[in-house]
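Visitor: I would like to learn how to read the packing of helices and the pairing of strands in a model such as this one. Could you take me through it feature by feature?

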Amino acid sequence: MLTADDNGEGGTFALYSLLCRHAKFGLLPNYQTVDEEISTYHNTKYSLRSTPSSRFRRSIERLKRRKTLLLLLILFSASLGVTLGALTPALSVLSTIEGVQSRVTSLHKRSVIAIASVVLIGLFVLQHRGTYRAAFVFAPIMILWSLSIAAVGIYNIIVWNPNVYKALSPYYIIEFFRHTGTDGWISLGGVLLCITGTEVMFAELGFFSAASVRIAFFCVAYPCLVLQYLGQAAFLSKNFTAFPSSFYASIPDPLFWPIFAMAVLAAIITSETIISAACSLVKQSHALGCFPRVKILHTSRWIKGRIYVPELNWILMILSLAVAVGFRDTNRIAYAFAFTWILKAYVTTWLMSLVIHYVWRKNLAVTISFFLLFGSIETIYFLSACLKIPKGAWVPLFLSSLFMFVMYIWHYATRKKYKIDLHNKVPMKWILTLGPTLGVLRVPGIGLFYTELAIGIPATFANFLSNLPAFYQVAVFVCVKTVPVPHVPHKERYLIGRIGPKSYRLYRCIVRNGYKDVHRKDDDLENDLIMSIAEFIQLESEGCGTLDGSMDGWMAVVRTSGKFGTRLAVSESDNPIISSSSSSSFSDLMGGGCSKSAALKKLHSIYVKESSHLTRHRRHMYRFQLLETKFKNPQVKEELLHLVEAQQAGVTYVTGHSQVKAKSNSSFLKKFAINGVYSFLSENCRSPAVALNIPQVCLIEVGMKYHVV
């Protein structure tokens, strides 16, 4: 699996991204051919072109149901990963705390559950800051933990049964099944716990290279685990009555408490890693339009991709506590954990088979051989794990199905809404008939009109013009979309174009992000857009653009120009005028602030608070000035001056506030999904303005109602 990386990234969505780029399997509606020119779109390992497509591939590309089936498979795999974020802390912490009972016999089960619950709550409460602040001790603790269990294993081998090394021979596997028969096959559901966690090696690609993962596994993790398991086997061969707690019972008395302390730390580190991985899966699902809008925070200044999702963190905490308190038995939690892992591994094998055939361009014989080799082994384990469904494995199956249902409903409604926007986009002829003023008063400033459409003018813009008598002198239609690549280089992120003639001052900007790109609050999209538009205006004048009468002009990746940043002079501006003048004018409106009205005083306090927030937001903004450069075309200088004046007047954000409902003739299932599930999710998730880091005092929302089939 480590060789199936997507530009160095791993995980479920890396496989899906590879499949979407090498075959038209994706359901993202805003695909553009120009996206294929992104440098990270192509991989030097395998070519996207010059290879004829197979009949099976063409059939999948044509049939929407097969694309949907592939998406459901991806979402189910991601849901299993999120479910592991609830099961792993419960299993790791509870099993570790239970080890104390082997030394403190007076400790009751209720006390163990209470202590484990406190540790779990503390783990999730500190998740948003503990990951990166304590990251420097993660590796030393895990290395020390691995070496410690290896040392204990070697001690038990020497003391109890030196001949246990013979268990490494595959001969005893055959003997085991010959003597145990069906019971031995059933026991494989428990043996799964010895190999769970291996999928993290592939999912963590991007944070670590494949070479470092291989070295760490073959030189540290694997030999230490084998020595520990051999040591437990040697101990049990002479002390079989200690089977329920063989690990802690096999630790020598002088080393028990130090190893127990390291076990607690290792359990916490493992849990934090899995929780962080679950947050990453949710972020990637959200980027691909398959998850409700959530708040995404960076947890590390130095490590890219380490993120924290507050909503998911609290949901996982509740689920983890419910699992620990509800089951009260590590065996039942272990059954659920093992079942989740083998199911995820089974789905990954299917996806890997598709990658071998469609991405690596191997023939069907190689693909089928891979699937039969690994799929048959996993099938044996999977069928054994299915027997554990009544004993607790039903929990991850239920939770994963629930997460997948939520993801697909959100994706379905989002895709339907996009198609309606695309169908109802404003005709360019209507815009041209309005003239350069657009039929309204053009006031100073820049209006950033956010839309999901990558082409055309959204109907929300026409709704805005028909309800308000004025609009800004410069209008920019901003589309923030995700491209099926892990990361988009910053110099290729902004795609700028023009809508209509130059006198209309209408621009289009497509901000292209990868599914693993995470932007901080201090990222200044607004200023990057203005600089990119200035670059586009100059590039257009140099002979790359269209004539003034263009209907919907060409688009350019402006960051590729070597002259970027030389069109405008940029200086930081604290904008003290915003807060002082606005506050004084409001005070004058209220009669010098001496009003006795409690309602007006409350309104004034709210206004001052919002104004101060706006001031803080604009404190790190920039002031643009046109350089004294000789322009071959005087219209370019005029347009750049117009842009600078508009920026100095202020920037306003316009977004759509949509409401989606199913049509009256829709089926009951669609009405339940849209009117019930999707409406509940959209009302209780983050607003688009929060997801895009838009300050509320600069925001205008345009209401739209969608009726989908």
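Guide: Let us begin with a term: contact means heavy atoms within 4.5 Å. Please keep in mind throughout that this is a predicted model.

Visitor: With that term in hand, which residues in α6 meet α13?

Guide: From helix α6 (residues 138-160), Phe138, Ile141, Met142, Leu144, Trp145, Ser148 and Val152 meet Ile259, Met262, Ala263, Leu265, Ala266, Ile269, Thr270 and Glu272 in α13.

Visitor: For comparison, how do α4 and α14 pack?

Guide: Helix α4 (residues 109-125) and helix α14 (residues 310-327) pack at about 170 degrees, with axes 10 Å apart, which makes α4 roughly antiparallel to α14. On the α4 side, Ile113, Ser117, Leu120, Ile121, Phe124 and Val125 take part, and they meet Asn313, Trp314, Leu316, Met317, Ser320, Leu321, Ala324 and Val325 in α14. This contact of α4 with α14 has eleven nonpolar, three polar and no charged residues.

Visitor: Turning to the strands, which way do the residues of β5 point?

Guide: In a regular strand the side chains alternate between the two faces of the sheet. In β5, Tyr494, Ile496 and Arg498 point one way, while Leu495, Gly497 and Ile499 point the other way, and all are buried. Since six of the six residues of β5 (residues 494-499) are buried, the strand is largely enclosed by the rest of the structure.

Visitor: In what sense do β5 and β6 pair, and how are they connected?

Guide: β5 and β6 (residues 506-514) pair in the antiparallel sense over five bridges, with Tyr494 standing opposite Val511 in β6. The two strands form a hairpin with six residues between them, and in the turn Gly500 has a positive phi of about 75 degrees.

Visitor: How does β4 pair with β3 and with β6?

Guide: β3 (residues 441-450) and β4 run parallel and are joined by eight bridges, in which Phe449 has Phe477 in β4 as its bridge partner. β4 and β6 also pair in the parallel sense, over nine bridges, and here Cys479 stands opposite Ile510 in β6. Because twelve of the 14 residues of β4 (residues 470-483) are buried, β4 too is largely enclosed by the rest of the structure.

Visitor: As a last exercise, is Thr367 buried or exposed?

Guide: Thr367, found in helix α16 (residues 364-386), is buried, with a relative accessible area of 9%. Not counting residues up to four places away in sequence, Thr367 touches Ser353, Ile356, His357 and Lys362.

How values were computed
Residues numbered from 1 in each chain as written. Predicted model: local features only at pLDDT ≥ 70, side-chain atom pairs only at ≥ 80, totals over all residues. Heavy atoms only, no water. Buried < 20%, exposed > 50% of the residue type's maximum accessible area, 1.4 Å probe, protein only. Helix = DSSP H or I, 4+ residues; strand = E, 2+ residues; numbered from the N terminus. Pairing = 2+ DSSP bridges. Axes fitted to C-alpha atoms, helices over the stretch in contact; angles between N-to-C directions. Parallel < 35°, antiparallel > 145°, perpendicular 65-115°, else oblique. Nonpolar A, V, L, I, M, F, W, Y, C, P; charged D, E, K, R; others polar.
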